[in-house]
Amino acid sequence: MTICKNIKTILLITAIFLYYSPHLFAQQKKSPNIIYIYADDLGYGELGCYGQKKIKTPHLDKMAKEGMRFTQHYTGAPVCAPARAMLLTGKHGGHSYIRGNYELGGFEDSLEGGQMPLPEGIATLPKMLKQAGYTTALTGKWGLGMNNSSGSPLNHGFDYYYGYLDQKQAHNYYPSHLWENDRWDTLDNAFMNVHKRLDSAKATDADFEYFKGKEYAADKMTEKALHFIDKNKDKAFFLYMPYTIPHAALQAPDEYVQKYIGLFDEKPYYGNRGYSSTKYPLSTYAAMITYLDDQVGIIMKKIKDLGLDENTLIMFSSDNGTTFNGGTDAVFFNSTDGLRGLKMDLYEGGIRMPFIARWPGKIPANKTSGLVSVQYDLMATLAELTGQKISNTDGISFLQELYGNTAKQTKHEFIFFEYPEKGGQVAIRIGDWKGVRTNVKKDRNAAWQIFNLKTDRNETTDVAAQHPELVKQFNAIQKREHQSAHIQEWEFINPKFTEKN
């Protein structure tokens, strides 16, 4: 009898061990959570940790102190849609399916058409992470296709999404609706013509109030992100958070604008350069960035409160450089930290981005990296992190750099940029050398401008005449890396058509 009892006890213990041990092992080996926060039109010099003096960004500054700050990190393109496409597909501008902001539809709700959609079947970062067991979400601006197209986020690896699908709708921070998993989500805001101009001679405070609403879109994005984190705290998750801030229109909650009113000598903006009018354009712009910084703080606090801090990689960057319209003032804020160019330029001010990565215990604290890297490296980086192998990418993993293993970090032979808008532009970086071609649509033989970024980071002196050998290298790379675009508007390097007069 005793022997039987002992056998039953042993069998029971064995059964319990077999049931629970896989779960305990899985918990110990749980893949790290990944959060990627993406600003919109935030310049290289608009955070305190990158030298900003007028705008307060304490949470991002703290994130930089607790992690790694990159000083030579690039976006794939100098405008929204292609930058996002390259980030999520690991392709540079000569290979990317999306290369420009190809707009469809109009601004009115009834005309909402989005941008050219990503095609079905394309390899994406969230699809790759789902293969590694991740639950995936997007909260923010998509810009790569509408809900009723092949470009819906649900077709490209996201289990959940909430936000703007159409970039034109994202010009307004108080929209009538956002989108949640292909469904229209009505907000408590009346439809607004955000590009309505005011008469500077007649405008009253009430006229400026027209551009305010009840529900601020970015509040909703943070709310949905927090809910997703709560719901998936016991799983490995990937959360992509492409906020629309500080892209014009200049609209921010009053309590944030009040933090800056009186600090700057400013005059009202009446909408003469597009987007909404505002009585305090400088204060509102600063307020938007401080608001974004607070959202980063909210997300980081949530991660800490849930005990996920040491198992969560959080990254922050921007899609392209500072904009030039809508009442913004890049000179006043020194938004590019002296770098040449703005949004829509392949000069450094349009493509060199702030990039901060934080992961306690894995990424060394308070480190600055000068690694030349680019956002289309992210897919390769997260593939290495999750133990996957990918070959169909232009990116190189920078995971070893994040870990502080500088000696083991592979470096780019070159990085390539191709941008069909603003006259058609090409740029290539090889080491410290940077080549730029502009107005290529008009002149297919437009000369290379060449700069030594080590001695001339602001691209002030063209030394192409002294370096014919570099011109040959740049030409060879351009020829090798360019694939014909799938639409005529984007094919400017090797067009098979004659421009219409």
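**Exercise 1. Find which ring the charged end of Lys259 sits over, and how far it is from the ring centre.**

Solution. Go to Lys259 and follow its side chain to the charged end. That end sits over the ring of Tyr256, 5.4 Å from the ring's centre. Keep in mind that you are exploring a predicted model. Now try Lys224: its charged end sits over the ring of Tyr162, with 5.0 Å to the centre.

**Exercise 2. Count the aromatic pairs, then classify the pair of Tyr36 and Tyr38.**

Solution. Start with the rule: ring centres must lie within 6.5 Å to pair. By this rule there are 26 aromatic pairs. Next, take Tyr36 and Tyr38: their ring centres are 5.6 Å apart and their planes meet at 55°, so this pair is tilted. Finally, check the surroundings of each residue. Tyr36 has 2% relative accessibility and therefore counts as buried; Tyr38, at 0%, is buried as well.

**Exercise 3. Classify the pair of Phe332 and Phe333, and decide whether Phe332 is buried or partly exposed.**

Solution. First, the geometry: the ring centres lie 4.9 Å apart and the planes stand at 85°, so Phe332 and Phe333 form an edge-to-face pair. The cut-off behind this step is an angle over 60 degrees. Second, the accessibility: Phe332 has a relative accessible area of 24%, so this residue is partly exposed. Phe333, at 2%, counts as buried.

**Exercise 4. Which residues do ring pairs link into a cluster with Tyr36?**

Solution. Begin at Tyr36 and follow the ring pairs. The cluster joins Tyr36 with Tyr38, Trp142, Phe158 and Tyr240.

How values were computed: Residues are numbered from 1 along each chain as its sequence is written. This is a predicted model: local features need pLDDT of at least 70, side-chain atom pairs count only at pLDDT 80 or more; totals for chains, interfaces and linings use all residues. Side-chain values use heavy atoms; hydrogens and water are left out. Rings of Phe, Tyr and Trp (its six-membered ring) pair if their centres lie within 6.5 Å; planes under 30 degrees apart count as stacked, over 60 as edge-to-face and the rest as tilted. Buried means under 20% relative accessible area, exposed over 50%, partly exposed in between (1.4 Å probe, protein chains only). A charge sits over a ring if NZ of Lys or CZ of Arg is within 6 Å of the ring centre and within 35 degrees of the ring normal.
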